[in-house]
Amino acid sequence: MKFYETKIEIACPPARVWQTLTAEMPRTPQHYGIVRFDGEIAANSKIQLWSEVASNRAFSLKVIKFDAPNEMVWRGGMPFGLFVGTRTFTISATYHGSIFEMREEFTGLFSGAITKSMPDLTSSFTKFAAALKQEAEHND
């Protein structure tokens, strides 16, 4: 199983980080390495995004978990689970604010072949977390 992950400390309470992630990020996606974002982030909603990494391809996702302000999960992929990407966002309270973690796992019968052809997403994940930190702390 291939995965990417990032983790960053944010000097804001989890509710502020959650608000930035779910309500503000879709309005300014370019700060997060996302070219375009369609849809509303809510429980069981369907969203689409175009990433800087693959700007010519829409990723159709479903919000399968929406546990404000601590955890959210997006999932998308091929029919019959042949290739599935599951992105988990976790926000934990700390004494000084929050810890934000984002992890995406790729599974399914075709995951080995597909992930070999994918670009390294490490810098994209780092950019997303840094933008979330900046936006949440700036607007707190």
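1. Two strands are taken to pair if DSSP finds at least two bridges between them. Helices (H or I, at least four residues) and strands (E, at least two) are DSSP runs, numbered from the N terminus. In E7, Glu 105 is the bridge partner of Thr 86. E6 and E7 pair in the antiparallel sense over eleven bridges.

2. On provenance: this is a predicted model, in which local features need pLDDT of at least 70 and side-chain atom pairs count only at pLDDT 80 or more, while totals for chains, interfaces and linings use all residues. Residues are numbered from 1 along each chain as its sequence is written, and side-chain values use heavy atoms, with hydrogens and water left out.

3. The sheet is open and has seven strands, in the order E1-E7-E6-E5-E4-E3-E2, with antiparallel pairing. E1 and E2 are the edge strands, each pairing on one side only. From one strand to the next the twist averages 20 degrees. Axes, here and below, are lines fitted to C-alpha atoms, for helices over the stretch in contact, and angles run from 0 to 180 degrees between N-to-C directions.

4. Further along the sheet, E3 and E4 pair in the antiparallel sense over four bridges, and Leu 49 stands opposite Phe 59 in E4. E4 is joined to E5 by five bridges, again antiparallel; here Lys 62 stands opposite Arg 75 in E5. E4 and E5 form a hairpin with three residues between them.

5. The loop between E4 and E5 holds Pro 69. The peptide bond that joins Ala 68 and Pro 69 is cis, with omega about -5 degrees.

6. Why is helix H1 described as largely enclosed by the rest of the structure? Eight of its eleven residues (the helix spans residues 14-24) are buried, where buried means under 20% relative accessible area, exposed over 50%, and partly exposed in between (1.4 Å probe, protein chains only). The buried residues are Pro 14, Arg 16, Val 17, Trp 18, Thr 20, Leu 21, Thr 22 and Glu 24. Their cover includes strands E1, E4, E5, E6 and E7 and helix H3, contact being heavy atoms within 4.5 Å.

7. H1 lies across E1, E4, E5, E6 and E7, and runs at about 150 degrees to E6. H3 packs on the sheet and touches E1, E2, E6 and E7; its direction makes about 25 degrees with that of E1.

8. Asn 44 has a phi of about 60 degrees and lies in the loop between E2 and E3; it is exposed, with a relative accessible area of 54%. Phe 80 also has a phi of about 60 degrees and sits in the loop between E5 and E6. Phe 80 counts as exposed, at 83% relative accessibility.

9. The largest pocket holds about 660 Å³ of space. Among the 29 residues that line it, the closest to its centre are Arg 57, Phe 59, Glu 104, Phe 106 and Met 118. E3, E4, E5, E6, E7 and H3 each give two or more residues to the lining. A pocket is an open set of points on a 1 Å grid over the protein atoms alone, where a 1.4 Å probe fits, with protein on both sides within 12 Å along at least five of seven lines; lining residues have an atom within 4 Å of a point. Grid points are joined across faces, edges and corners, and the volume is the space filled by probe spheres set on them.
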